[in-house]
Amino acid sequence: MEKNSAFQNALDQLVSVKEQAGLEDDIYEQLKKPKRFMEVSIPVRMDDGRMKVFTGYRSQFNDARGPYKGGIRFHERVSEDEVKALSMWMTWKTAVIDIPLGGGKGGVIVNPKELSAGELERLSRGYIRAIAPFIGERVDIPAPDVYTDPRIMAWMLDEYEQIVGHKAPGVITGKPLSIGGSKARGYSTAQGGFYVLEELLNKIGLGKEARISIQGFGNAGANMAEIMAKNGYKITAASDTKGGVSDPGGLDIKKLEEHKKATGSVIGFAGGENLKGDILEAETDILILAALENAITKENAENVKAKVILELANGPVSPEADEILNEKGTVIVPDILANAGGVGVSYLEQVQNAYMYYWSEVEVLAKLKEMMIKGFNDVWNAKEANKTSMRNGAYILAVTRVAQAMRDRS
Ligand code: NAD
């Protein structure tokens, strides 16, 4: 196992709820490994005529509740370990919001910023050719993740349909609207996180006066900032890889987005001041984590001042940091609930594809809201019943649901 292994973190989380979820040893043993794990090699003709071979993975973790479901990540740091962890988390995520899907994940080791558009297209098509025999609308349904987007999903769908010889829009989600994508999919992760956060704030009595900091002003983070600002909340700080900016009176998010687009970063924004310290340690009431894994570890957990943390990113708080924050009384909305809005709308996209009938944005959002609020209440009730954290409550709930489906099949 790698050092700082994400999969080890995922396994530790599983064992920590083994008893409360009532897991028999045989079910627990099955849940420790993906049902199928694939490593594929993808030869790609580069623009200069050379052939370069990329490595890709697909982990099909569990399909007891329905077809495997999970995104494809294009990143230099993709590894077997990371893909396995993300596929296990997807299994819990689909179970937490109770949609009839299992969990999977894929990735390719590549820095997509170094590829031309043509090279990226050939890599995307090559990856799907490699895994095509093992995916399908009722088998395994990929989607976008870090550094993959609707354009890449379109190439992948097109390649898949050429292989099988018929239209199959439901085999991949996060597609452009023109070929079967869903309204609201582009900002669904943030929107789902917003519905959950509002429910929590109502429960704990924190209102619109709360100071909100966002680590990671990318797709999920910037959409979240926009939705919160539109609903009357104040974003007092935001950051990206280059640094952060703050304004105690609330940042103008639209202008900040324009600034980021023009300069590539939030720093130097005229409507705020550059942050001196780390955004994770800033004076704030709510901290939204929307960057990458292991942002808060045992090294910095003591210095986190937020009362509430929303994990829009996957695995941003390490298990040791989680313990420290729980001791301090920080309320953490765990990733498997907080960012499940993305897969929630992916599921709605599949349903629309299957019916060949498409909903308006208002209809999609109403369905997402219902799904997320029910997920929140189920997690809250599991937390109360087990006198534990929201994270443990979410795990107990998800693992119990997956295990029940496995038992019912055996
Ligand atoms: P993205 O690449 O659009 O955004 C990530 C942002 O984080 C970038 O602005 C980057 O500059 C910033 N960042 C990276 N490291 C940082 C650091 N150390 N400090 C501050 N900022 C940093 O990616 P995204 O799609 O927004 O995904 C972010 C996270 O949310 C990932 O963990 C992803 O798995 C998760 N997520 C995204 C979706 C989705 O639909 N986009 C769905 C579920 C989960």
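The model is predicted, so local features need pLDDT of at least 70 and side-chain atom pairs pLDDT 80 or more, while totals for chains, interfaces and linings use all residues. Residues are numbered from 1 along each chain as its sequence is written, and side-chain values use heavy atoms, with hydrogens and water left out.

User: Is Glu293 buried or exposed?
Analyst: Glu293 sits in the loop between strand E10 (286–289) and strand E11 (308–311); strands are DSSP E runs of at least two residues, and helices are H or I runs of at least four, numbered from the N terminus. Buried means under 20% relative accessible area, exposed over 50%, partly exposed in between (1.4 Å probe, protein chains only). At 19% relative accessibility, Glu293 counts as buried.

User: Why do the buried residues of H8 line one face of the helix?
Analyst: In H8 (residues 253–263), the buried ones are Ile253, Leu256, Glu257 and His259. The arc here takes directions from the helix axis to the C-beta atoms. Looking down the axis of H8, its buried residues fall within an arc of 160 degrees.

User: Which residue follows H8 with a positive phi?
Analyst: At the start of H8, a side-chain oxygen of Asp252 comes within 3.3 Å of the backbone nitrogen of Lys254. After H8, the residue with phi near 90 degrees is Gly264.

How values were computed:
A polar contact is a pair of N or O atoms within 3.5 Å; within protein, one must be able to donate a hydrogen and the other to accept it, and residues adjacent in sequence count only if both atoms are side-chain atoms.
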